[in-house]
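Welcome! Here is a short briefing for anyone meeting this structure for the opening time. Please take a look at the sequence and the model, then read on.

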Amino acid sequence: MSSATTNIESLQAEGRIFNPPDEFAEKAHIKSMAELEALRAEAKADPEKFWARFAESELHWFKKWDEVLKWEPPHAQWFVGGKINISYNCLDRHLGTWRRNKAALIWEGEAGETRTLTYQQLHTEVCRFANVLKEMGVAKGDRVALYLPLIPELAISMLACARIGATHSVIFGGFSSSALVDRINDAQCKVVVTADGGYRRGKEVKLKAAVDEALKETPSVETCIVVFRTGSQVHMEAGRDHWWHLLETVNTDCPAEELDSEHPLFILYTSGTTGKPKGILHTTGGYLLQTHLTTKWIFDLKDEDIYWCTADIGWVTGHSYVVYGPLSNGATALMYEGAPNWPQADRFWEIIERHRVNILYTAPTAIRAFIKWGEEWPLKHDLSSLRLLGTVGEPINPEAWMWYHRIIGKEKCPIVDTWWQTETGAIMITPLPGATPTKPGSGTKPFPGIEADVMTRDGKSVGANEGGYLVITKPWPSMLRTIYGDDERYQQQYWSQIPGVYFAGDGARKDQDGYYWIMGRIDDVINVAGHRLGTAEIESALVSHEAVAEAAVVAKPDDLKGSAIVAFVTLEGGRIASDALKEELRQHVAREIGALARPDELRFADALPKTRSGKIMRRLLREIATSGLVAGDVTTLEDFSVLEKLRSEEE
Ligand code: WT7
């Protein structure tokens, strides 16, 4: 693709509207704009009644709720008094139907091996492991850390925890042992479930070794359960560590606990504006309702579909749209362990062709990588099974949207660009594929029952096409309930920036048709390849190195990853800047947080530009990082004294 064509195309794309294809709309759950608008109107008139209607018709409750919503701002409780179990909803209720023998999960390992679990088989595995947890002393309300590769045991562990009312905390397998320590200690987890290792681009990621390191500093952990995955040598601590497969004899009879609708289902850590990751707490009934309904309508699930969300379960996308949403709907979900370019750049397309995948949900960063690798890879494969495409995680540029539409969707698959966050639990702004005309780059409008807006800092709605802050103005079922152990921060972070509304942390504008265009984070959070990182976290990792005096981290635009991480570092007296030290510091961040946080660029400076009150001038650093201004030899110190003038402008 020459850059000339690219530009013209993306310009055309901006003004274009893509209507749902008739063949698609006819068979869709929500078939037309009229139907969608009717749902929106119904929800607007009485949101509680709207959500309650679907809670009743779509979910299994042991006992119905007394009150739909208890809203004591900023704390919401949904379906108060109701008794429910998400594991029951994802498994048991399908067992009395023909779906008992339907594939629930089709898993493919990076090396190509596959495992299929029917609903019946998955139920058996979940019950068995739930009994194992009970035997290990895990009781309702206890926290269990899950640090696993993308293998069926991860979904099994989550559902097993949910079954007995233990709260799971999944920690992405790419995080380092010190990230594990922080997260395990914050939630005081009693048990850790891990594996000897996992595979990524043919190499083993040694998970158990990282856990061993972490468990030296996590007094709350009594037990570690280890899945045999790679077969590599691991240390097993007598009395503490147990092989998953040796616990296999435990009985499989484990009725699902009847839990309060507000019972804590999971904690998932995400980056914020301070160095300490936030434990986002989600509960059961409301979370299940919104993940269930969004999965059904947005991915337009049909019983004969194979649905594939490529996210790792370590992120919220995997929680809601690999595990809970699809299984609650009785769908067949594909799980793939490895990298998209292993062994070759066509792995995704090869998987789609071989499994006849119908629905693909992936990230813009992946799409941009596919564009770079060349369209010959997807064109080699029969992708005709696909009928619907989705994206999530960051704004999609119109050019990438068009490529996805043409090369992957063959101009016949609707694209759903879904905006949401770890905190929102489920999709919030999205097209419905059979109803909403789409514009490349826009997530279109809020899901029925969701009330959003774009506001100024002082809480006034802005006009059409004016930029502002994206907010949610009404509580929604799958909203976070708090930050685990820090309710003050919850109130401060989300409900006090603009009093009375939920502050998402994204900039946005609404166009003349009311379509939302997300402009990206407006706080010190960087979105790197769809993964969220706090600049403060990376800075404190850098400063923890003995050679570093001060550090400032900013994002710069990156064609592939959306944003790249640029770190400016000043050294302790006597330390000399060198390429070796630069590399050492980059690796240090990878060790402290995980490889995903490793700075792409690291620059030494004699001092960081600051305002007279001592605040680091990030805007300036962002400009420098982006424009390359004052870039010198990487080993020379940058002299910011030349920026004195700019410095006074900032104040
Ligand atoms: C942030 C949330 C929720 C799934 C994965 C990310 C950005 C997410 C979109 C989209 C533009 C998006 C936002 C948001 N984001 N989806 N469709 N268009 N931006 O979850 O790690 O909690 O990150 O991702 O900036 O605030 P997360």
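Are Arg240 and Asp241 buried or exposed? Arg240 is buried, and Asp241 is buried too. Please keep in mind that this is a predicted model. The points below go through salt bridges, aromatic rings, backbone features, contacts across the chain and the surface.

**Salt bridges**

- A total of 49 salt bridges is found in the structure.
- One of them joins Arg240 to Asp241, and the closest N and O atoms of this pair are 2.6 Å apart.
- Asp305 and Arg387 form a salt bridge as well, with 2.7 Å between the closest N and O atoms. Asp305 sits in the loop between helix 10 and strand 16, and Arg387 in the loop between helix 14 (376-379) and strand 19 (388-392), so this pair ties together parts that are 82 residues apart in sequence.
- Asp305 counts as buried because its relative accessible area is 5%, and the cut-off for buried is under 20%.
- Arg347 and Glu108 make a salt bridge whose closest N and O atoms are 2.9 Å apart. Since Arg347 belongs to helix 12 and Glu108 to strand 4 (residues 103-108), the pair ties together parts that are 239 residues apart in sequence.

**Aromatic rings**

- A search of the whole structure gives 35 aromatic pairs.
- Among them is the pair of Phe228 and Trp243, which is edge-to-face, with 5.8 Å from centre to centre and 65° between the planes. Phe228 lies in the loop between strand 11 (223-227) and strand 12 (241-243), while Trp243 lies in strand 12; the two are 15 residues apart, and the pair links distant parts of the chain.
- Phe228 has a relative accessible area of 52%, so this residue counts as exposed.
- Which residues do ring pairs link into a cluster? They are Trp71, Trp476, Tyr490, Tyr494, Trp495 and Tyr502.

**Backbone features**

- The peptide bond from Pro73 to Pro74 is cis, and its omega is near 0°. Pro74 lies in the loop between strand 1 and strand 2 (75-80).
- Another cis peptide bond runs from Trp342 to Pro343, with omega near -5°. Pro343 is placed in the loop between strand 17 (332-336) and helix 12 (347-355).
- Asp300 is not a glycine, yet its phi is positive, at about 50°. This residue is found in the loop between helix 10 (285-298) and strand 16 (306-309), and with 1% relative accessibility Asp300 counts as buried.
- Arg356, a residue other than glycine, has a positive phi near 55°. Its place is in the loop between helix 12 and strand 18 (359-362), and at 34% relative accessibility Arg356 counts as partly exposed.

**Contacts across the chain**

- How many residues apart in sequence are Ser32 and Pro433? They are 401 residues apart in sequence and 9.3 Å apart in space, from C-alpha to C-alpha.
- Ser32 is in the loop between helix 2 (22-27) and helix 3 (33-45). Its relative accessibility of 28% makes Ser32 partly exposed.
- His123 and Ala104 are 19 residues apart in sequence, and their C-alpha atoms are 9.8 Å apart in space.
- His123 belongs to helix 6 (residues 119-135) and is buried, with a relative accessible area of 13%.

**Covered and exposed parts**

- Helix 9 (residues 207-215) is mostly covered, as seven of its nine residues are buried. Those buried residues are Leu207, Lys208, Ala210, Val211, Asp212, Ala214 and Leu215.
- On the surface, a patch of negative charge gathers Asp46, Glu48, Glu67 and Glu72.

Technical notes:
Residues numbered from 1 in each chain as written. Predicted model: local features only at pLDDT ≥ 70, side-chain atom pairs only at ≥ 80, totals over all residues. Heavy atoms only, no water. Patch = residues over 30% accessible without salt bridge, like charges linked within 9 Å, V, L, I, M, F, W, Y side chains within 5 Å. Areas by Shrake-Rupley, 256 points an atom, 1.4 Å probe, with all protein chains shown as cover. Salt bridge = Lys/Arg side-chain N within 4 Å of Asp/Glu carboxyl O. Lys, Arg positive; Asp, Glu negative; His and termini not counted. Charge placed at Lys NZ, Arg CZ, Asp CG, Glu CD. Phe/Tyr/Trp six-rings, centres within 6.5 Å; stacked < 30°, edge-to-face > 60°. Helix = DSSP H or I, 4+ residues; strand = E, 2+ residues; numbered from the N terminus. Buried < 20%, exposed > 50% of the residue type's maximum accessible area, 1.4 Å probe, protein only.
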